[in-house]
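Open the model in your viewer and keep the selection tool ready. We will go stop by stop.

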Amino acid sequence: MTYAVQWIRSFVFIVIMYAVMLPWSLVFAIPAVFSRKAAILCCRSYCWFIMWLAGWLIGLKCQVRGTPPQYACLIAAKHQSFLDVLMIYSAIPAGRFIMKDVLKFAPIVGQFGLRVGCIPVKRGKRGSAIKKMVADVEAGRLFPGQLIIYSQGTRIAPGVKAPYKIGTGVLYKELGQDCVPVAANVGVFWPKRGIYRAPGVAVVDFMDPIKPGMELEPFMEQLEHSVEARSNALMREAGFTAIEQ
């Protein structure tokens, strides 16, 4: 398949991905008002459809490895593109992301994100947001489920190094729950920006949980080493070799 044909298929894929979002949300709009489970079903079924569409239309297969947690825990994941959001959320029963505050104003995404329990955080105010999250968990005001945080704070292109932010460690310490690291190679096929989507096998890998009780610094070191080493291995598996050491 030529680059031009794949680019056209990628463009059609993106158009369909956004075009179906409105009618999909309308089908679930009223049930979602009365039931958080309906909102979760809407989001998960949309994820499943987009992943199927990617495989059928652009030859990008989605593969979830490891054991996605079915219990309340913290998930600390590698973030390379929108695809890892879809893959992680589709694999767990009640995920809620820590998301950028501005996203709560985004049509459809913002409303359903808040309904399923995602937590908006203002840039530069993560410390106060984390304290509020911990207080809400302890008071039972947050829905139970899997709290997903992207430890580097934003999408990181393959081969680029970026620091892990301390917020993940603070949540791990305060929540007292397992932390499940998640590695990914999705950015090799679905870049941070641009239209082109490459064929291949995109992988997110749920690794063995880090049990509660570790000190902050050793926890952060173990988390970063585990996620980065596994993500680099997955990217090499996908044919990507330009990885910073």
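**Stop 1: salt bridges**

The structure holds six salt bridges. Keep in mind that this is a predicted model. Side chains of opposite charge can pair when their charged atoms come close.

Select E237 and R65. They form a salt bridge, and their closest N and O atoms are 2.6 Å apart. E237 sits in helix α8 (residues 216–237) and R65 in strand β1 (residues 60–66), so this pair ties together parts that are 172 residues apart in sequence. E237 is partly exposed, at 48% relative accessibility. R65 is partly exposed as well, with a relative accessible area of 21%.

Next, select K78 and E228. Their side chains meet in a salt bridge, at 2.8 Å from N to O. Where do K78 and E228 lie? K78 is in the loop between β2 and α4 (82–91), and E228 is in helix α8, so the pair ties together parts that are 150 residues apart in sequence. Both K78 and E228 are buried.

Now pick K104 and D101. Here the salt bridge has its closest N and O atoms 3.2 Å apart. K104 is partly exposed, with a relative accessible area of 27%. D101 is buried, at 14%.

**Stop 2**

Select residues 146–150, which make up strand β5. Is this strand mostly covered or mostly open? It is mostly covered: five of its five residues are buried. Show the side chains. Q146, I148 and Y150 point one way from β5, while L147 and I149 point the other way.

To find one of them, select L74: its bridge partner in β5 is L147.

Which residue of β5 is the bridge partner of R96? L147 is that partner.

Stay in β3 and click on K100. K100 counts as partly exposed, at 36% relative accessibility. Draw a distance from K100 to L147, C-alpha to C-alpha. The two are 14 Å apart in space and 47 residues apart in sequence.

**Stop 3: aromatic rings**

Select W24, Y46, F49, W52 and W56. Ring pairs link these residues into a cluster. In total, the structure holds 11 aromatic pairs. A pair of aromatic rings is described by the distance of the centres and the angle of the planes.

**Stop 4: cysteines**

How many disulfides does the structure hold? The count is zero. Select C42 and C43 to see one case. The closest cysteine sulfur to that of C42 is in C43, 5.2 Å away, and that is too far for a bond. A disulfide would need the two sulfur atoms within 2.5 Å. C42 is buried, with a relative accessible area of 5%.

Now select C47. C47 is in no disulfide, and its nearest cysteine sulfur, that of C43, is 6.8 Å away. C47 is buried, with a relative accessible area of 5%.

**Stop 5: a patch on the surface**

Finish with the surface on. Select Y3, W7, I8, F11, V12 and V15. They form a nonpolar patch with about 570 Å² of accessible area together. Click on W7, which lies in helix α1 (residues 3–19). Is W7 buried or partly exposed? W7 is partly exposed, with a relative accessible area of 33%.

Methods. Residues are numbered from 1 along each chain as its sequence is written. This is a predicted model: local features need pLDDT of at least 70, side-chain atom pairs count only at pLDDT 80 or more; totals for chains, interfaces and linings use all residues. Side-chain values use heavy atoms; hydrogens and water are left out. Patches are made of residues with over 30% relative accessible area and no salt bridge: like charges are joined within 9 Å, nonpolar side chains (Val, Leu, Ile, Met, Phe, Trp, Tyr) within 5 Å. Accessible areas come from the Shrake-Rupley method with a 1.4 Å probe; for residues, only the protein chains shown count as cover. A salt bridge is a side-chain nitrogen of Lys or Arg within 4 Å of a carboxyl oxygen of Asp or Glu. Helices (H or I, at least four residues) and strands (E, at least two) are DSSP runs, numbered from the N terminus. Buried means under 20% relative accessible area, exposed over 50%, partly exposed in between (1.4 Å probe, protein chains only). Two strands pair if DSSP finds at least two bridges between them. Rings of Phe, Tyr and Trp (its six-membered ring) pair if their centres lie within 6.5 Å; planes under 30 degrees apart count as stacked, over 60 as edge-to-face and the rest as tilted.
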